Amino acid sequence: MANKKHADVVIVGMGAVGAILARELTEAGFTVFGIDKGPYFRSDDFWTKFDELRYSTRAGLSPTMDTDPMTWRPNAQTPAQILPWAVGPQPLNPLWLPPSVGVGGGSIHWACWAWRQLREDFRQRSEWVERYGEEKLPEGSHIVDWPISYDDLEPHYDRVEYETGVSGKAGNIDGEIEDGGNPFEAPRKRPYPFPPLRPSASNQLFVDACEALGYHPFPPPVAIISEDWGERKACVYCGFCRDYGCHVGAKASTLDTMMPRALATGNLELLTNCRVQRVNVDAEGLARSVSYIDAKDERHEASGDLIILSAYSLENTRLMLVSGLNQNGMVGKRFMMHNYNWFSGTLPEETHVYAGPACAGWAIDDTNPYSEDRNEVDFLGGSPVMYFSGDVQPIEAASLLMPPDVPIWGKEYKEWLKHGYRRLFGMYSQMATLPSNANFVDLDPKVKDPYGQPALRITHDWDDNDRKAALWIRQIKHGIAREMGATKTWEAPLLPPYHVTTHEMGTHIMGEDPGTSVVDPHCRSHEVPNLFLVGGGIFPTYSGYNPTLTIQAITFWVADHIKQEIQNGGVLTRFSVTRSA
Amino acid sequence: MDPKRETDTTGLTFFFLDEADTVEALSARIIPGDAEDPGAREARVVYYIDRALSGPYFGWQGAYREGVRTLNAYTEERYGKKFFELSEEDQDTVVGTLERGEVPGFGEGSEAGDFFTMVWSHTVEGMFSDPAYGGNRNAVGWKLIGFPGAQYGYTAEEMRYGKDLSDKPVMTLGDIQKCVRERPELFYHRPGPEPSVLGEVTPEMPTRPGEPEEPLGEGGA
């Protein structure tokens, strides 16, 4: 790396997306600055990760309100406040904050569910209009078709699965339904590279109950390897999974799957513990550099011919707004998230809910939006129901997962803890909010971070569609739990009191029309031709699936496009993106 | 002083003595117990809270100092005693009043309920966090609920429905750290160069059968 001040490409955010782009582009010969707010973790940094208080209760890897404040209000008529669920003495839940910072980002501590979306999810508007008619689309919603299809992404989904290591059982290979997999999944070219993980034994009660009820349970795809692979070891079922780095390298963190090759090229310079403050665009409307503050609080500029924002949907959008890049007013719009509808229960015997990853529990996808006629229900949406059979630690269970009818102090509380924790099980789902004008993000007019940067303000509330969808899927979980012989069940509030879920989508959506979207089908900004925004923010509609695999498939799709554009002398070469010798 | 005697580490780093006694008594109402059936007192939850307050939770120092003072002013007025001097029954009555936000004197914007929530949250943390943090002494909190602690992993045999794992030795963070030092080969070593140490050799990422040998081209239009 000759010149520290300039690189061909500047990548802001080296997480689940940025590290992939860094590897792809450095291996293609480009020099890259990889900037991240957090540190570069070495593999031994996570060898002693077995600490719920540090990583979960205190959200040790996540950006918290003291350094990265955000505000929320339910609607534009109500004043915003710093995220109320993320301040105060109660335990934090990293699931109610943005994903972790540091190289690897959220892919260090995610729960690792690795679903593909369904083919229909990419053409949600057409599907629902065909099935239910246009009148059924809720008023004020902006449900559209994606400008790219499942078939566009299929080879890239395959790449993510084989290059990062996803364990699962295929349900549909080239149109042939395979026994033991998800019969509803979109067709895939070939099996998963690794067989499914071992679930905890209470999982069998879930499976038996689902089959008795006529559902089709299967092991969901997970980005945790079930067999040794090179230096990475197979999962050892430690149960410190979601919220934690992996001590054996089983989880697909881009730190482990992408960074080694990126660093080996010699073309990558990591700028860690650096906070980007602004994207600088010149008089001709081209992005030229980013301004950032380093760990010593000194200000710098990193210039590049190509600038990519991959710092999470919300941070990407905040940077765009702070930089004054919102010509068409679409930046911040179509804010979407998941309603997890946590469902908990106890079974007659020990479930070892502290052992194994949560995502090793099986799932049903009979509840997806296209597998049954929804004319008799008055909502749009669907989601798998996922059995949560591991990964639950004591503090979370004793504070955030308490049944509402059990006292939280005294003899009864102690008795509950003594008998309840060891018999715990859970189910969850992900009904997506619909894209609408009511839910959006912008800059808070008052609150700033310690560096004087405006905080992001979230305007979001659950609506009628969310309520009906949640009620529907809750009663399905009740049915399964009854069939399982649960001794007790309880649920989180139907519509959660928190509005950040690590699954924030939209706010810089993809579309062909520059008037109604922020990026084009290859994630290039409509407004600034050498600026790309990659991540969940590009989703114009949302599905019931965890978004990471789809986001990473899109990332490979974008990387290929960038490389080919430059190779073919496309528009990007106007901006002097050069290869190193 | 007898040189063989183990150093007493129960010194308080933030609480004054009567504050510690008050918070300890509160924690013991939240998770009651005794020597045979340990609760928050036996787990030394008050030491967890004390260390947290002189450390990462220093922002809550004022809330504890004021809250304890207000609580004891209330119990002095009502019972003629400080909270920790009351009978357990009376303490439970007061905790109920506190939980409902009905103890007077907490002032605007800082209700009695908030004080209860804070003490409760920290009690739960102190009961169930790793003993390295000062609470959960001898892992009594974990043993109460059947949590084996910082375990490297579990076997299929251990993960059988209904299997009683109470004989499995509980591991703390300190235990697993010893394991890390003694058996580093059990843990993951990332291949390839670290940042700022750029080697010349490209590490070979291992292939699986069927893994594409060339990067895939752009799909679709």
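# Notebook: two chains, looked up piece by piece

I began with A:Ala223, which I found in the loop between helix H6 (203-212) and helix H7 (254-257) of chain A. Helices (H or I, at least four residues) and strands (E, at least two) are DSSP runs, numbered from the N terminus. I note that this is a predicted model, in which local features need pLDDT of at least 70 and side-chain atom pairs count only at pLDDT 80 or more, while totals for chains, interfaces and linings use all residues. Residues are numbered from 1 along each chain as its sequence is written, and chains are lettered from A and ligands numbered from 1 in the order in which they are written.

**Entry on A:Ala223.** Is A:Ala223 buried or exposed? I count it as buried, because A:Ala223 has 29 C-beta neighbours inside 10 Å; the cut-offs are 20 or more other C-beta atoms within 10 Å for buried, 12 or fewer for exposed, and partly exposed in between, with C-beta atoms placed from the backbone. Leaving aside neighbours within four places in sequence, I listed the contacts of A:Ala223, among them A:Cys112, A:Thr164, A:Val166 and A:Lys251, where a contact means that two C-beta atoms, placed from the backbone, lie within 7 Å. I also looked up the separation of A:Ala223 from A:Met70, and the two are 153 residues apart in sequence and 30 Å apart in space, C-alpha to C-alpha.

**Entry on strand E3 of chain A.** From A:Met70 I went on to its bridge partner in E18(A), which is A:Leu456. Strand E3 (residues 70-73) and strand E18 (residues 454-459) of chain A run parallel and are joined by 4 bridges; two strands pair if DSSP finds at least two bridges between them. E3(A) also pairs with strand E4 (residues 81-82) of chain A, in the antiparallel sense and over 2 bridges, and there A:Thr71 stands opposite A:Ile82.

**Entry on an open sheet.** In which order do the 5 strands of the open sheet in chain A lie? I read the order as E13-E14-E15-E12-E19, with antiparallel pairing, and the edge strands are E13 and E19 of chain A, each of which pairs on one side only. Within this sheet I checked E12(A) and strand E15 (residues 424-429) of chain A, which run antiparallel and are joined by 4 bridges, with A:Ser344 opposite A:Gly426.

Most residues other than glycine have a negative phi. A:His352 sits in the loop between strand E12 (343-346) and strand E13 (363-364) of chain A, and A:His352 counts as buried, with 28 C-beta neighbours inside 10 Å. A:Cys523 likewise is not a glycine and has a positive phi, of about 70 degrees; A:Cys523 lies in the loop between strand E19 (488-491) and strand E20 (531-533) of chain A, and is buried with 27 other C-beta atoms within 10 Å.

**Entry on helix H9 of chain A.** How many of the 10 residues of helix H9 (residues 313-322) are buried? I found 8 of them buried, and H9(A) is mostly covered. The buried residues of H9(A) pack against several strands of chain A, including strand E1 (6-12), strand E8 (275-281) and E18. After H9(A) comes A:Gly324, whose phi is positive, near 75 degrees.

**Entry on crossing helices.** The axes of helix H5 (residues 150-165) and helix H13 (residues 548-567) of chain A come within 8 Å and cross at roughly 105 degrees; axes are lines fitted to C-alpha atoms, for helices over the stretch in contact, and angles run from 0 to 180 degrees between N-to-C directions. That makes H5(A) roughly perpendicular to H13(A), since angles under 35 degrees count as roughly parallel, over 145 as roughly antiparallel, 65 to 115 as roughly perpendicular and the rest as oblique. The residues of this contact divide into 8 nonpolar, 2 polar and 2 charged, where Ala, Val, Leu, Ile, Met, Phe, Trp, Tyr, Cys and Pro count as nonpolar, Asp, Glu, Lys and Arg as charged, and the others, Gly among them, as polar.

**Entry on where the chains meet.** The contact takes 66 residues from chain B and 75 residues from chain A, and H5(B) gives the most to the side of chain B that touches chain A, with 8 residues.
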